[in-house]
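I opened this model to look up a few local features and to note each one with the terms that go with it. The entries below follow the order in which I looked.

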Amino acid sequence: MQKLLLSFFFAFVLFSCKPSAEDVPKDNPSEILQDGDIIFHESTSAQSKAIQLATHSKYSHCGIIFKTADECYVFEAVQPVKSTPLKEWIKRGKDEHYVVKRLKNVNDVLTSDIIHKMKAISGKYNDKDYDYYFEWNNKRIYCSELVWKVYKQSTGIELGKLQELDDFDLSNPIVKEKLTERYGKEIPKKNKAISPAAIYNSPLLETVISN
């Protein structure tokens, strides 16, 4: 009986000491982040509002967390694709708000070998130009496409359902203006696409931090 009580006590202590989202400093959550975590924020870029309106989501940008011995980085598709220090990435988002999500079965999927493979695949995309036309090829690449393809190619997992451009809400004038700016009159509405919102809402993920 005494051994059983001791086991419960140590389990309680360990659980109580585990940092929660609320305990993590807003600008430095690295203590509970893992390689392969996916981070989202509301971008302040010129196209962010159009993406939000088209996808009905506040989150318009995302990237993959990779850790070194000294720092966390966000591997992201901007111009060009690169690794950005986490603190710098957080400060770039609106109000420094961000959400981190993780595979629900992360320990089964993201083994050390898979993380190594994920980093190697990411390296193939490094320095590629940002894809302002949201085409489904590897010549240029946009943020959610980068996350989706790195996961698909390293784990076989599809984070979010691929859509066609006309599956999104294209009715708002801001969205229409951005589409016309990019494509003119010939909008490729059958182009395959993946949005930050589709990844954010994937049932395969759970929230680790939402500050």
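Entry 1: I began with D127, which counts as exposed at 55% relative accessibility, where exposed means over 50% relative accessible area, buried under 20% and partly exposed in between, with a 1.4 Å probe and protein chains only. Its phi is near 75°, a positive value in a residue other than glycine, and D127 is found in the loop between helix 5 and strand 6 (129–130). Helices (H or I, at least four residues) and strands (E, at least two) are DSSP runs, numbered from the N terminus. I then turned to D95, which is not a glycine and yet has a positive phi of about 60°; D95 sits in the loop between helix 3 (86–92) and strand 5 (99–103) and is exposed, with a relative accessible area of 60%.

**Entry 2: what I am working from.** This is a predicted model, in which local features need pLDDT of at least 70 and side-chain atom pairs count only at pLDDT 80 or more, while totals for chains, interfaces and linings use all residues. Residues are numbered from 1 along each chain as its sequence is written, and side-chain values use heavy atoms, with hydrogens and water left out.

**Entry 3: a cis peptide.** I found a cis peptide bond joining Q79 and P80, with omega about -5°, and I placed P80 in the loop between strand 3 (72–77) and strand 4 (81–85).

**Entry 4: helix 7.** Which residues of helix 7 are buried? In this helix (residues 173–183) I noted V175, K178, L179, R182 and Y183 as buried. Seen down the helix axis, these buried residues fall within an arc of 110°, so they line one face of helix 7; the arc is that of the directions from the helix axis to the C-beta atoms. P173, E177 and E181, on the other side of helix 7, are exposed. At the start of helix 7, a side-chain oxygen of N172 reaches to within 2.8 Å of the backbone nitrogen of I174, and the helix is followed by G184, whose phi is positive, near 75°.

**Entry 5: the cover over helix 7.** What covers the buried residues of helix 7 includes helix 2 (48–55), contact being heavy atoms within 4.5 Å. I looked at V175 of helix 7, which is buried with a relative accessible area of 4%. Not counting residues up to four places away in sequence, V175 touches A50, L53, A54, D169 and L170. V175 and Q47 are 128 residues apart in sequence and 8.9 Å apart in space, C-alpha to C-alpha. In helix 2 I also checked Q52, which counts as buried at 11% relative accessibility and, leaving aside its neighbours within four places in sequence, is in contact with E42, S57, K58 and S60.

**Entry 6: helix 5 and helix 6.** Helix 5 (residues 112–125) and helix 6 (residues 143–155) pack at an angle of about 135°, with their axes 9 Å apart; axes are lines fitted to C-alpha atoms, for helices over the stretch in contact, and angles run from 0 to 180 degrees between N-to-C directions. Helix 5 and helix 6 are therefore oblique to each other, since angles under 35 degrees count as roughly parallel, over 145 as roughly antiparallel, 65 to 115 as roughly perpendicular and the rest as oblique. Among the residues making the contact I listed I114, M118 and Y125 of helix 5 and L146, V150 and Y151 of helix 6.

Conventions: A polar contact is a pair of N or O atoms within 3.5 Å; within protein, one must be able to donate a hydrogen and the other to accept it, and residues adjacent in sequence count only if both atoms are side-chain atoms.
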